[in-house]
Amino acid sequence: MKPAIIDITGIGPAAAAALEEHGIRTVASLARAPVDKITAVPGFSEARAERVIIAASELLAASATNQPGDAEADEAAEAGSKGKKDKKDKRKGKGKKGKKGKDKKDKKGKKGKGKKKGKK
């Protein structure tokens with residue numbers, strides 16, 4: 001099975017759509033594209049363009065060596081996809097405030113609700 005452009009690390013659905021608008025529709029075309037063509041796509045810096053070109057080339061090489069019935073390559077591909085899922089799971093917990101964060105918010109909401117000091 002041919003790899004899809006969204007199988008490349010760093011390319012999600014939005015980036016894939018932007019690349020497609022600029023004529024880059026396949027992993028092979030991305031791997032062969034010059035950096036300046038990719039940097040013309042909104043959201044792609046020179047550094048990101050270089051990273052996705054390398055990732056596309058590596059994905060092509062891996063898919064070329066992954067022949068049907070090659071158990072080691074299948075296991076490696078499976079392990080790689082599990083690693084991506086683990087990263088996403090780890091990110092889900094970030095940004096959630098613990099009990100301390102909630103307490104601080106509650107205290108902020110209570111400020112100013114007591115008696116006012118000053119002139120009567």
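Predicted model: local features only at pLDDT ≥ 70, side-chain atom pairs only at ≥ 80, totals over all residues.
Student: What makes up the chain's secondary structure?

Tutor: The chain has 6 helices and 0 strands. Read along the sequence, the pattern is α-α-α-α-α-α.

Student: Why is Ser 63 called partly exposed?

Tutor: Its relative accessible area is 28%. Buried means under 20%, and exposed means over 50%. The value falls in between, so Ser 63 is partly exposed.

Student: Where is Ser 63 found?

Tutor: In helix H4, residues 46–65. The C-alpha atoms of Ser 63 and Lys 2 are separated by 7.2 Å. Along the chain, these two residues are 61 apart.

Student: How do you know that the buried residues of H1 line one face?

Tutor: Start with the names. Ala 15, Ala 16, Ala 18 and Leu 19 are the buried residues of H1. Seen down the axis of H1, they fall within an arc of 160°, so they line one face of the helix. On the other side, Pro 13, Ala 14 and Glu 21 are exposed.

Student: What do the buried residues of H1 pack against?

Tutor: They pack against H2, helix H3 (35–39) and H4.

Student: What follows H1?

Tutor: Gly 23 does, and its phi is positive, near 85°.

Student: What makes a set of residues a nonpolar core?

Tutor: The residues must be buried, of the nonpolar types listed for a core, and joined through side-chain atoms within 4.5 Å. The largest such core here has 20 residues. Those with the most contacts inside it are Ile 8, Ile 11, Leu 19, Leu 30, Ile 38 and Phe 44.

Student: Which helices each supply at least two residues of this core?

Tutor: Helix H1 (13–21), helix H2 (27–32) and H4 do. The largest share, 5 residues, comes from H4.

Student: Which residues does Leu 19 touch, leaving out those up to four places away in sequence?

Tutor: Ile 5, Ile 11, Ile 24, Leu 30, Ile 38, Val 41 and Phe 44. To touch, heavy atoms must lie within 4.5 Å.

Student: How much of the chain is buried?

Tutor: Buried residues make up 20% of the 120 residues. To count, a residue needs a relative accessible area under 20%. The chain exposes about 9900 Å², and carbon and sulfur atoms supply 55% of that area.

Student: Among contacts between residues at least 6 apart in sequence, what share joins residues at least 24 apart?

Tutor: The share is 39%.

Key: Residues numbered from 1 in each chain as written. Heavy atoms only, no water. Helix = DSSP H or I, 4+ residues; strand = E, 2+ residues; numbered from the N terminus. Buried < 20%, exposed > 50% of the residue type's maximum accessible area, 1.4 Å probe, protein only. Areas by Shrake-Rupley, 256 points an atom, 1.4 Å probe, with all protein chains shown as cover. Arc of directions from axis to C-beta.
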